Amino acid sequence: MTRTVYVNGEYLPETEAKVSIFDRGFLMADGVYEVTSVLGGKLIDFEGHSKRLERSLSELQIRKPMENEALLEIHRELVARNGIEDGLIYMQITRGAPGDRDFAFPSDETEPTVVLFTQSKPGLADSPAAKTGIKVISIPDIRWGRRDIKTVQLLYPSMGKMMAKAAGADDAWMVEEGAVTEGTSNNAYIVKGSTIITRQLGKEILHGITRAAVLRFAREAQMKVEERAFTIEEAQAADEAFVTSASTFVMPVVEIDGASVGQGTPGPVATRLREIYLEESRKAGL
Ligand code: PDD
């Protein structure tokens, strides 16, 4: 089946969807994005993603092209048209295509470009990796200084993923000034005793929507949460480690730079948080 995608007001077969070569997303990575998961045909935490999108756009002074209600409608329409049961919706908004290349932002008449597409992932919540856990390596964090804005500048995270693969691992945790910032496309956590530790919010990391939900559920379940920086050595010596994102939910990490974490298998805290997150998110899905 040909996938139906959304481009600037139109639903089109993916093979017919087009964006200008002058689009600033293409020329300058001048755009922002969101990835929302779909479980059982329902959108998970759409409100969180639309709020973060609004913030990313406003930090970069990109005009918000439509209201959240209209964006929700497009998400729902794409889920329906593509018969998505489990999967992801990718939404990208760029500063548009002014018709030439220029470092200065174009005038307000340039319409932002809006692109959305679905990725079908049957059984997304039952991924085998969640049962075994993943291995990560550490790499220096050499990204720009506004990682709190969800821009499409993903070259270094993409290179990080390849460095991990080359080292026989699944992903990379990035380290700056001796402390872990986050994973290539997820937030990073360790567990010591019954305390969950994850880096505090700031410009150094993306403010994960899954992170916010998981920390809320952890606190509701009377688990202790510490938002602070931690080192790779501290993580290797921790009882558990895990990552969170819209595409992996809560994913246990069982090895860091070749050293097993805890027993080298998914621990009880990550396992429990994953269960709670999936259960609560499914209930609240739109
Ligand atoms: N990535 N940190 C980074 C650098 C990310 O790219 C992501 C998400 C997260 C987790 O954020 P959230 O919980 O809101 O998904 C943290 C998405 C999934 C992606 O790029 O595909």
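Which polar backbone atom is 2.8 Å from an oxygen atom of the ligand, and in what residue? I found one in Ala246, at 2.8 Å from a ligand oxygen. I count a polar contact as a pair of N or O atoms within 3.5 Å.

A note on the source: this is a predicted model, where local features need pLDDT of at least 70, side-chain atom pairs count only at pLDDT 80 or more, and totals for chains, interfaces and linings use all residues. Residues are numbered from 1 along each chain as its sequence is written, and side-chain values use heavy atoms, with hydrogens and water left out.

Next I looked up the other contacts. A side-chain N or O atom of Tyr33 is 2.6 Å from a ligand oxygen, and a polar backbone atom of Ile209 is 2.8 Å from an oxygen of the ligand. The protein covers 89% of the 470 Å² of accessible area that the ligand has on its own (Shrake-Rupley method, 1.4 Å probe).

Then I turned to the shell. There are 20 residues around the ligand (a heavy atom within 4 Å), and Glu182 is among those that come nearest. Helix H6 (209-220) and strand E13 (240-245) are among the elements that each supply at least two shell residues (DSSP runs, numbered from the N terminus, of at least four residues for helices and at least two for strands). I also noted that domain 1 (4-122) and domain 2 (129-284) each give the shell at least three residues, with bounds from an automatic or database domain assignment.

Conventions:
Polar contact = N/O pair within 3.5 Å; in protein donor to acceptor, adjacent residues only side chain to side chain.
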